[in-house]
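Take a look at the model below. The report that follows moves from the overall fold to a few charged side chains.

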Amino acid sequence: MFYVYTHWHHDTGYPVCFYVGQSGMSRGKDNRVRAHSTNGRNPMWRNVAKKHGVDVQIHKDGLTLDEANEIEVELIKRIGRRDLGTGTLTNMDDGGAGSLGH
């Protein structure tokens, strides 16, 4: 089963979502959602996390791979990416199957 998660920071006076991801294991056995080390994270994510901290939220779990891909892509599109100037996310791609393993 898969799940989609989000990373937030709250120190600006209101909650800001800065990352959307997914993982393919049960959340009790998977550390990706809570992996706050710099390993495997892009420089923009590391800068935001270092400056503001990270609050983890599970957006939805119990998903198939296709469902997780669809939700991840939709959330990234809706919230927008910082590198494209469309939103607050530090994601460096549009999500979905192409981003698994980042």
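Read along the sequence, this predicted model follows the pattern β-β-α-β-α. That gives two helices and three strands. Helix 1 covers residues 43-52, and helix 2 covers residues 65-79.

Among the elements, helix 2 has the highest mean pLDDT, at 97. Helix 1 has the lowest, at 93.

Now turn to burial. The protein has 102 residues, and 38% of them count as buried. Leu-89 counts as buried because its relative accessible area is 0%, and the cut-off for buried is under 20%. Leu-89 and Val-48 are 41 residues apart along the chain. Their C-alpha atoms are separated by 10.0 Å.

Next come the charges. Side chains of opposite charge can pair when their charged atoms come close. The structure holds two salt bridges. Here they are:

| Salt bridge | Distance, N to O |
|---|---|
| Asp-83 and Arg-81 | 2.7 Å |
| Asp-94 and Arg-81 | 2.7 Å |

Which residues do these salt bridges join into one network? Arg-81, Asp-83 and Asp-94 are linked, through bridges that share partners. Arg-81 pairs with Asp-83 and also with Asp-94. Both Asp-94 and Arg-81 lie in the segment after helix 2, so their pair ties together parts that are 13 residues apart in sequence.

Asp-83 is partly exposed, with a relative accessible area of 34%. Asp-94 is partly exposed as well, at 48% relative accessibility. The reasoning rests on two cut-offs: buried means under 20%, exposed means over 50%, and partly exposed lies in between.

Other charged residues form a patch. Which residues make up the negative surface patch? Asp-66, Glu-67, Glu-70 and Glu-74 form it. Take Glu-74 as one of these. Glu-74 sits in helix 2. At 43% relative accessibility, Glu-74 counts as partly exposed. Patch residues need over 30% relative accessible area, and Glu-74 has 43%.

Glu-74, in helix 2, belongs to the negative patch. Leu-89, in contrast, is buried.

Methods
Residues are numbered from 1 along each chain as its sequence is written. This is a predicted model: local features need pLDDT of at least 70, side-chain atom pairs count only at pLDDT 80 or more; totals for chains, interfaces and linings use all residues. Side-chain values use heavy atoms; hydrogens and water are left out. Patches are made of residues with over 30% relative accessible area and no salt bridge: like charges are joined within 9 Å, nonpolar side chains (Val, Leu, Ile, Met, Phe, Trp, Tyr) within 5 Å. Accessible areas come from the Shrake-Rupley method with a 1.4 Å probe; for residues, only the protein chains shown count as cover. A salt bridge is a side-chain nitrogen of Lys or Arg within 4 Å of a carboxyl oxygen of Asp or Glu. Lys and Arg count as positive and Asp and Glu as negative; His and the chain ends are not counted. The place of a charge is taken as NZ of Lys, CZ of Arg, CG of Asp or CD of Glu. Helices (H or I, at least four residues) and strands (E, at least two) are DSSP runs, numbered from the N terminus. Buried means under 20% relative accessible area, exposed over 50%, partly exposed in between (1.4 Å probe, protein chains only). pLDDT is the predictor's confidence in each residue, from 0 to 100.
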